[in-house]
Amino acid sequence: MVIGFDRVAGTGRAITAVDPRTGARLDPEYRYGGEDDVARACALAEEAFDAYRATTAEQRAAFLDAIAERLDALAGDLVQRAMSETGLPEARLTGEVGRTTGQLRLFAADLRATAAPGSLDGLREGDRPILSTDPANEGGPEIRQGRVPLGPVAVFGASNFPFAFSVAGGDTASALAAGCPVVVKAHDAHPGTCELVGRAVSEAVRAAGLPEGVFSMLYGDGPTLGIALVTDPRIQAVGFTGSRKAGLAIARAAANRPRPIPVYAEMSSVNPVFLLPDALAARAGDLAEGFVGSVTLGAGQFCTNPGLVFAVKGPHLDAFLDAAAKRIEADPGAPMLTPGIASAYAEGVRRLEGRPDVEIIARGREPDAAAGCRAALAVVDAAHFGPDLEQEIFGACSLVVRCDDLDQAVDVARGLEGQLTATIHGGGDDAARLLPVLERLAGRILWDGWPTGVRVGHAMVHGGPFPATSDARTTSVGSLAIERFQRPIAYQGVPR
């Protein structure tokens, strides 16, 4: 583990990474930390907070750039280790390292932009811009608004993105940009990758001359070490990406503290796709190709995997299903991130197969990997669709819901849970009618595209209504992610 500037071996349960392609266990062995490790990391973070929040925007920007430079220099080693621990292909992981360093540099550039001479009226708090002057206060004391960091932040690394949503991922980058020290709980699926990244961040802290408590990284299980981290009184916010069960447990623990804290959890989404009649009539084959490519990408292990499709019955939908089934059957399969994830996926598909009202119309080829994913495509009539069929099956599986008409599709959409994304293929009056329904449903709406892949930029919203996230007002990707870890503050009559 990394606690401040120290490398610490835990004394708890031993874990090793597993190569999901072969099932082989990977050296070295790691051990879980305990409550004493949590307490020490949080105490260091609290000690570092005042000094770190007082740094200038340029100092924090340079620090984020330095982390990015170290990760770029380590990219080869990082990718090789992550390939062994996750089974993900080299090209995907190389791109993910680039996305991770790009996120860090995005926040660095944003900090510099807000601190540039002449930005707004030049008055800042902690080098964040003052947002407004209240004209109603003319003749009275001036009121100006700034933003201040919340305090130390706990970040939980995700299984499916060993870089971009992990130790130095978006939650960590945005919290550090906001002026908050970070304590990361590393993910068991790729502990060696986490160690390499954690050491790089710690070295950047030291090189920048910052207090050691600005960053720490721990290993441990969620119900004990994870909850101890969330309930430590020095932690003031939580960033989480993972399952709904774990996210809700964290949110409950944070809410039950004597002083509750915000939890920004990304938890669950099936990302519905609506294939309108005009699109199916014009390009059923092309839609099938794009759809299957999105479903099977990365063995379907994306939070934006299109797990539900809605379309109106008819010959054009039949053509789409025929083409999609052929492509699914040709899919060679791929290793999943861990044996546990592969087992949960297989069980989810078996539940679908056991439903008399659901038809599995295609299965992919049996994969060679020890923890492999065999793609699946299923169909059900909208009359039989209910909340139990809306549950996420994490992997390359999707359910097509056949509707009698667009009215039925819209009615079903109104009853769906909150989602990260919703997609429309088609146009005209049908799309215009569907759009306001989806605005209430999802954090990102795509038109004639596919939801897998999240661009890192200023306009991106990677969030959505519950249970996609625990707070629909926020995003975990893009420059607005920084606002999760700050709060507004007003200055009345305070000298410039």
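How are helices α4 and α5 oriented to each other? α4 and α5 are roughly parallel to each other (an angle under 35 degrees; over 145 is roughly antiparallel, 65 to 115 roughly perpendicular, the rest oblique). This is a predicted model, in which local features need pLDDT of at least 70 and side-chain atom pairs count only at pLDDT 80 or more, while totals for chains, interfaces and linings use all residues. Residues are numbered from 1 along each chain as its sequence is written, and side-chain values use heavy atoms, without hydrogens and water. Helices (H or I, at least four residues) and strands (E, at least two) are DSSP runs, numbered from the N terminus.

**Helix packing**

- The axes of α4 (residues 90-114) and α5 (residues 170-178) come within 9 Å and cross at roughly 20°. Axes are lines fitted to C-alpha atoms, for helices over the stretch in contact, and angles run from 0 to 180 degrees between N-to-C directions.
- On the α4 side, Gln-103, Leu-104, Phe-107 and Leu-111 meet Gly-170, Ala-173, Ser-174 and Ala-177 of α5. Contact means heavy atoms within 4.5 Å.
- By class, this contact has 5 nonpolar, 3 polar and no charged residues. Ala, Val, Leu, Ile, Met, Phe, Trp, Tyr, Cys and Pro count as nonpolar, Asp, Glu, Lys and Arg as charged, and the others, Gly among them, as polar.
- In α7 (222-231), the buried residues are Leu-225, Gly-226, Ala-228, Leu-229 and Val-230. Buried means under 20% relative accessible area, exposed over 50%, partly exposed in between (1.4 Å probe, protein chains only).
- These α7 residues pack against α1 (35-53), β8 (153-156), β9 (182-185), β10, β11 (237-241) and α8 (244-255).

**Aromatic pairs**

- The structure holds 10 aromatic pairs. Rings of Phe, Tyr and Trp (its six-membered ring) pair if their centres lie within 6.5 Å; planes under 30 degrees apart are stacked, over 60 edge-to-face, the rest tilted.
- Tyr-30 and Tyr-219 form a tilted pair, 5.0 Å centre to centre with 45° between the planes.
- That pair links distant parts of the chain: Tyr-30 sits in β4 (residues 25-31) and Tyr-219 in the loop between β10 (215-218) and α7, 189 residues apart.
- Tyr-30 is buried at 8% relative accessible area, and Tyr-219 is buried at 1%.
- The ring centres of Tyr-264 and Phe-485 are 5.8 Å apart and their planes stand at 85°, so the pair is edge-to-face.
- Tyr-264 is in β12 (residues 263-266) and Phe-485 in the loop between β21 (442-447) and β22 (486-492), so the pair ties together parts 221 residues apart in sequence. Tyr-264 and Phe-485 are buried.
- Ring pairs link Phe-161, Phe-165 and Phe-302 into a cluster.

**Backbone exceptions**

- Most residues other than glycine have a negative phi, and most peptide bonds are trans.
- A cis peptide bond joins Asp-27 and Pro-28, with omega about 0°; Pro-28 lies in β4.
- The bond from Phe-466 to Pro-467 is also cis, with omega near 5°. Pro-467 is in the loop between β21 and β22.
- Ala-299 has a positive phi of about 60°. Ala-299 is in the loop between α9 (277-296) and β14 (308-312) and is buried at 4% relative accessibility.
- Asp-448 has a positive phi of about 55°. Asp-448 is partly exposed at 42% relative accessibility.
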